[in-house]
Amino acid sequence: MGGAAGSGSEEAGLGSAAARQAARELAAAGRLFYDRAWSMGTSSNYSVRLSREPLRLLVTASGKDKGALDPERDFVIVDAEARAVEPAGARPSAETWLHVVLAELPETGAVLHTHGVWGTVLTDRMEGAKELVIEGFEMLKGLDGVTTHEHRERVAIFENTQEIATLAKEVRARLAAGDPALRHGFLMRRHGLYTWGRTLFDARRQVEIFEFLFECLGRRGM
Ligand SMILES: [Zn+2]
């Protein structure tokens with residue numbers, strides 16, 4: 001999977017090879033997530049970072065069916081202020097600010113957000129809890145840099161909100177402080193997961209790992 005952590009100074013427009021490849025790969029991820037019921041209806045959103053300077057992200061346009069994303073029509077390029085750069089007048093998802101904040105991390109090439117059942121159920125059941133702790137599972141080794149099942153993964157839980165820009169500022173501050181509960185991803189209560197990776201492949205693997213682990217905890221009864 002290429003085209004993720006671009007650093008070039010040229011503007012990568014929607015017609016560029018990098019953007020077209022990213023759109024095709026995100027559409028493929030959407031089909032998988034839809035089939036697994038992690039992105040039902042038009043919920044959730046995905047992005048790939050096209051460039052760092054200036055920051056440009058290819059992100060799913062608002063309200064698109066994630067099981068049938070059209071690489072030619074259903075993506076928007078946004079800037080560091082979460083504004084649409086191309087196509088002009090396009091409407092990025094309301095949650096684009098979170099993608100921007102995560103893409104500011106030097107190592108981020110892609111950000112994926114899903115609305116899975118088990119993350120929704122767990123955070124509903126854990127009313128008031130600020131994080132979910134997962135430990136002892138072999139599948140933890142699918143998270144970037146984790147080499148043993150004895151790892152203790154802390155996953156921050158944020159309260160769900162319509163004030164995404166405010167939430168994004170809080171996420172940015174906690175990332176800057178090196179908060180260990182935001183190492184690989186975070187949850188929004190009764191809403192879903194955000195995770196990110198160096199490449200889209202890495203981010204997609206982490207969606208699969210997290211959704212698997214959430215289901216394990218949920219089926220076990222926590
Ligand atoms: Zn969402």
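This is a predicted model: local features need pLDDT of at least 70, side-chain atom pairs count only at pLDDT 80 or more; totals for chains, interfaces and linings use all residues.
Local features were taken into account at a pLDDT of at least 70 and side-chain atom pairs only at pLDDT 80 or more, whereas totals for chains, interfaces and linings use all residues. Residues are numbered from 1 along each chain as its sequence is written, and side-chain values rest on heavy atoms, with hydrogens and water left out.

The model contains an open sheet of 9 strands, arranged in the order E4-E3-E2-E1-E5-E9-E8-E7-E6 with mixed pairing; helices (H or I, at least four residues) and strands (E, at least two) are DSSP runs numbered from the N terminus, and two strands are taken to pair if DSSP finds at least two bridges between them. From one strand to the next, the twist averages 25 degrees. Strand E7 (residues 152-158) pairs with strand E8 (residues 185-188) in the parallel sense over 3 bridges, and Phe158 has Met188 in E8 as its bridge partner.

Helix H4 (residues 164-176) packs on the sheet, where it touches E7, E8 and strand E9 (192-197), and its direction makes about 150 degrees with that of E7; contact means heavy atoms within 4.5 Å, while axes are lines fitted to C-alpha atoms, for helices over the stretch in contact, with angles from 0 to 180 degrees between N-to-C directions. Helix H1 (residues 17-35) lies across strand E1 (45-51), strand E2 (56-60), strand E3 (75-78) and strand E5 (110-114), and runs at about 160 degrees to E1.

Side chains of opposite charge can pair when their charged atoms come close. The structure holds 17 salt bridges, a salt bridge being a side-chain nitrogen of Lys or Arg within 4 Å of a carboxyl oxygen of Asp or Glu. One of them joins the side chains of Arg152 and Glu135, at 3.1 Å from N to O; Arg152 belongs to strand E7 and Glu135 to strand E6, and the pair therefore ties together parts that are 17 residues apart in sequence. Burial is expressed as relative accessible area, with buried meaning under 20%, exposed over 50% and partly exposed in between (1.4 Å probe, protein chains only). On this scale Arg152 is partly exposed at 47%, and Glu135 is partly exposed at 41%.

A salt bridge also links Lys64 and Asp74 (3.7 Å, N to O), in which Lys64 is partly exposed at 27% relative accessibility and Asp74 is buried at 9%. In helix H5 (residues 200-220), Asp202 and Arg205 are 3 residues apart and thus separated by about one helical turn; their closest N and O atoms lie 3.0 Å apart in a salt bridge, with Asp202 buried at 15% and Arg205 partly exposed at 23%. Salt bridges with shared partners join Glu107, Asp144 and Arg198 into one network.

Helix H2 (residues 96-103) is largely enclosed by the rest of the structure, because 7 of its 8 residues are buried, namely Thr96, Leu98, His99, Val100, Val101, Leu102 and Ala103. Arg189, located in the loop between E8 and E9, is buried with a relative accessible area of 0%. Leaving aside residues up to four places away in sequence, Arg189 touches Thr123, Asp124, Met126, Glu127, Gly128, Ala129, Ile157, Phe158, Glu159 and Asn160.
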